[in-house]
Amino acid sequence: MPELLKIQNLEKSFYMHHFDKTIQGCSGVSFTLNQGEFIGITGKSGAGKSTILRSVYRTYLPTAGSLIYQSDQFGEVDLATASEREILAIRRHEIGYVSQFLKVMPRVTAIEVVQKALVEMHYTREEAKEEAKKMLTHFQLSQSLWDAYPQTFSGGEKLRLNLAQAMVKKPKLLLLDEPTASLDAATKESVKDMIVQLKEEGTSMLGIFHDLEFMESVIDQQYNMKQGMMEEGVEA
């Protein structure tokens, strides 16, 4: 399979000014994600799993290393050194990110959050609204919440909205940060169904998990993080 993302010697450290101390997030991380593949990353809290995802999404600027991504818009691009303009365009059209934490503008309703993701991809407002309704229904977010403000939602409801917002775009690359945390069994099944559907349609995925049983049911390959370093991968 063609390579989509090749990470070589990724390092991210954080300088704590108050303590005059440098904290190592991850170091020497190298692996390749092929098109249509799903790689799962495991490890204890603080092992550096989220640091990898945030470096790919460029929420964090890597300290060293390269993240070579095959972009539809820009061709081969190093996400570690790409311009802000390129990163914003890639996020808008090619990479989705599911976090446990929902960050949205105040006084924006749940359905508007999902709809906006598609409007940015040049869908008409009506098309975007119809697709948003389908995705919110799939993730079993009660219709009574569609016109409500997400700040009032429970943790599980916020995560379902995050899933809908990222997956409605059917991105080329989907980053999943604990996508089943605080979800009940029925909603986990809806997440699995959508992951399978997106994979069949060509989406590549990189995810971090504590729910190993769920992870093993959807991934192709697994890596483990330990104290900021990545251990050998195993086939799922």
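**View 1. Ala185 in helix H6 of the predicted model.** In this predicted model, Ala185 has its place in helix H6, which covers residues 185-200. With a relative accessible area of 61%, Ala185 lies over the 50% cut-off and therefore counts as exposed. Arg91, which is 94 residues away from Ala185 along the chain, has its C-alpha atom separated from that of Ala185 by 30 Å.

View 2. The structure holds 5 aromatic pairs. In the pair formed by Phe31 and Tyr223, the ring centres are 5.4 Å apart and the ring planes stand at 35 degrees, so the pair is tilted. Phe31 and Tyr223 are both buried.

**View 3. The rings of Phe209 and Phe214, and the cluster with Phe38.** The centres of the Phe209 and Phe214 rings are 6.2 Å apart, and their planes are at 35 degrees, so this pair is tilted. Phe209 has a relative accessible area of 1%, and because this is under 20% the residue counts as buried. Phe214, for which the relative accessible area is 6%, is buried by that cut-off as well. Through ring pairs, Phe38, Phe209 and Phe214 are linked into a cluster.

**View 4. Charged ends of Lys12 and Arg91 over aromatic rings.** The ring of Phe14 has the charged end of Lys12 sitting over it, at 5.1 Å from the ring centre. The ring of Tyr57 has the charged end of Arg91 sitting over it, at 4.6 Å from the ring centre.

View 5. The volume of the largest pocket is about 980 Å³. At least two lining residues come from each of helix H1 (49-57), helix H2 (84-93), strand E6 (95-98), helix H3 (110-119) and helix H5 (155-167). Among these elements, H3 gives the most to the lining, with 6 residues. Sorted by class, the lining of the largest pocket holds 12 nonpolar, 6 polar and 9 charged residues.

**View 6. The second largest pocket, with Gly46, Gly48, Lys49, Ser50 and Thr51 nearest its centre.** This second largest pocket has a volume of about 220 Å³. It is lined by 18 residues, and those that lie nearest its centre are Gly46, Gly48, Lys49, Ser50 and Thr51. Strand E2 and helix H1 each supply at least two of the lining residues, and H1 gives the most, with 4 residues. By class, the lining of the second largest pocket divides into 5 nonpolar, 9 polar and 4 charged residues.

View 7. By class, the lining of the largest cavity has 6 nonpolar residues, no polar residues and 1 charged residue.

View 8. The protein has 7 helices and 11 strands. Its radius of gyration is 18 Å, close to the 18 Å that the globule rule gives for 236 residues, so the protein is as compact as a globular protein of that length. The C-alpha trace spans about 45 × 45 × 35 Å along its principal axes. Of the 236 residues in the protein, 49% are buried.

Notes
Residues are numbered from 1 along each chain as its sequence is written. This is a predicted model: local features need pLDDT of at least 70, side-chain atom pairs count only at pLDDT 80 or more; totals for chains, interfaces and linings use all residues. Side-chain values use heavy atoms; hydrogens and water are left out. Buried means under 20% relative accessible area, exposed over 50%, partly exposed in between (1.4 Å probe, protein chains only). Rings of Phe, Tyr and Trp (its six-membered ring) pair if their centres lie within 6.5 Å; planes under 30 degrees apart count as stacked, over 60 as edge-to-face and the rest as tilted. A charge sits over a ring if NZ of Lys or CZ of Arg is within 6 Å of the ring centre and within 35 degrees of the ring normal. On a 1 Å grid over the protein atoms alone, a cavity is a set of points where a 1.4 Å probe fits but cannot get out, and a pocket is an open set with protein on both sides within 12 Å along at least five of seven lines; lining residues have an atom within 4 Å of a point. Grid points are joined across faces, edges and corners, and a volume is the space filled by probe spheres set on the points. Ala, Val, Leu, Ile, Met, Phe, Trp, Tyr, Cys and Pro count as nonpolar, Asp, Glu, Lys and Arg as charged, and the others, Gly among them, as polar. The radius of gyration is taken over C-alpha atoms; the globule rule is 2.2 Å times the number of residues to the power 0.38.
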